Amino acid sequence: MNCERTKKMLSAYLDKELNAEEYRLLKEHLMCCPGCQKELNQLRALKNLTRCLDDNFNYHCDIKLDWENIEKKTKLLTKKRIVCFSLAAIIAVLVLFLTFSQEWAKWEVEVIHPEALVDLHQSLSGNQLDVSTKKEANFIGTLELVSGGK
Amino acid sequence: MDKAEAQVWYQGLTLEEEKLWFEGKVKSCENGLLRFAYHLSGNMDKARDLVQEAFLRAYQYRRSYNNNYSFESWISTILLNVYRQRLKKEKFFKIFHPVKEREDGEETEVWDFLESSEEGPEERTLKREVLNFLQKAIEELPSQMREVIILCDVMNYSYEEASEIIGCPLGTVRSRLHRARKKVRELVEESYGEDFLSAWE
């Protein structure tokens, strides 16, 4: 194991958070590398100093659960959720309605009144279609006619 | 206990019993939570406020608590999320009303525990100064590094507990902590010299 890799793992070594193999390799390297050993000692000193920041904490938690307030806010949250859910549902219904109304309008022209497309084809291409062809025109046939016309 | 069983801990409980259960759980971890809030915010009033908010949210979402995990970790995660949201808000409002981080009078901690230590007065003074410096250095770290160093170094949590609270993999905790310590060490060495920490052991 080289020094660069060791230095990256020193922190976890210090906290005993390495697996057995990593731990063994690192220990072997530390035995023969004074530079890494020095760095480990500095890290340990820093960790001990940082730990002291918590020693100064001598407050006791005197917070009482204010059930009245908690209940009030919980009810408010429930109301908010209901309003948000209702709004989301209304928006979803509106979007669905708009999408389907547009699809329905297209479908109405293409399937229920295919003659409209046949007439369009005729006016675009200038070709006259006979009556029997007009009668047999359905949705797919009409589309073929239109695409053939192009 | 499997997952399905754990998720329905409230089954068969009345609302009053749920409240009692919640109160019991909160009592068992309130001091740890206040400590965490204090180290995050650096201010006792803010810390109390954070804990109150965390209790409220925890109660509102109590049914999403999974009995397989520690209650303290679960509620600490809630507290951390509350803190992150407030920090975002503060940062946003600072754009319009820039204010100083700390008032001058607040700048130094008392470090009462040093008074009862066996160290000499000079050592105590130096230690006091270094602790103030360390606290500032940690405050100035990027928030992700700060959260990890507070949990693992200041509060002495394991990597597993920290990863549960922060909600990231164990490897991420390890690398963030490594970077955080490196950064703090660099700052200490910049101000006090390269061999300062070696002499401190």
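**Reading the predicted model**

Modeller: In this predicted model, Arg48(B) is partly exposed, with 18 other C-beta atoms within 10 Å.

Biologist: Why is Arg48(B) classed as partly exposed?

Modeller: A residue is buried if 20 or more other C-beta atoms lie within 10 Å of its own, and exposed if 12 or fewer do. Arg48(B), which has its place in helix 3 (residues 44–60) of chain B, falls in between because its count within 10 Å is 18.

Biologist: How far apart in space are Arg48(B) and Ala37(B), C-alpha to C-alpha?

Modeller: Along the sequence, eleven residues separate Arg48(B) from Ala37(B). In space, their C-alpha to C-alpha separation is 7.6 Å.

Biologist: Which helix of chain A gives the most to the side of chain A that touches chain B?

Modeller: The contact draws on 32 residues from chain A and 40 residues from chain B. Helix 1 (3–14), helix 3 (34–55) and helix 4 (67–112) of chain A each supply at least two residues of the chain A side. With 15 residues, the one that gives the most is helix 3 of chain A.

Biologist: Where do the buried residues of helix 3 of chain A lie around the axis?

Modeller: In helix 3 of chain A, the buried residues are Cys36(A), Gln42(A), Leu43(A), Leu46(A), Thr50(A) and Leu53(A). They cover an arc of only 120° around the axis, so they lie on the same side of helix 3 of chain A.

How values were computed: Residues are numbered from 1 along each chain as its sequence is written. Chains are lettered from A and ligands numbered from 1 in the order in which they are written. This is a predicted model: local features need pLDDT of at least 70, side-chain atom pairs count only at pLDDT 80 or more; totals for chains, interfaces and linings use all residues. Two residues are in contact if their C-beta atoms, placed from the backbone, lie within 7 Å. Helices (H or I, at least four residues) and strands (E, at least two) are DSSP runs, numbered from the N terminus. The arc is that of the directions from the helix axis to the C-beta atoms.
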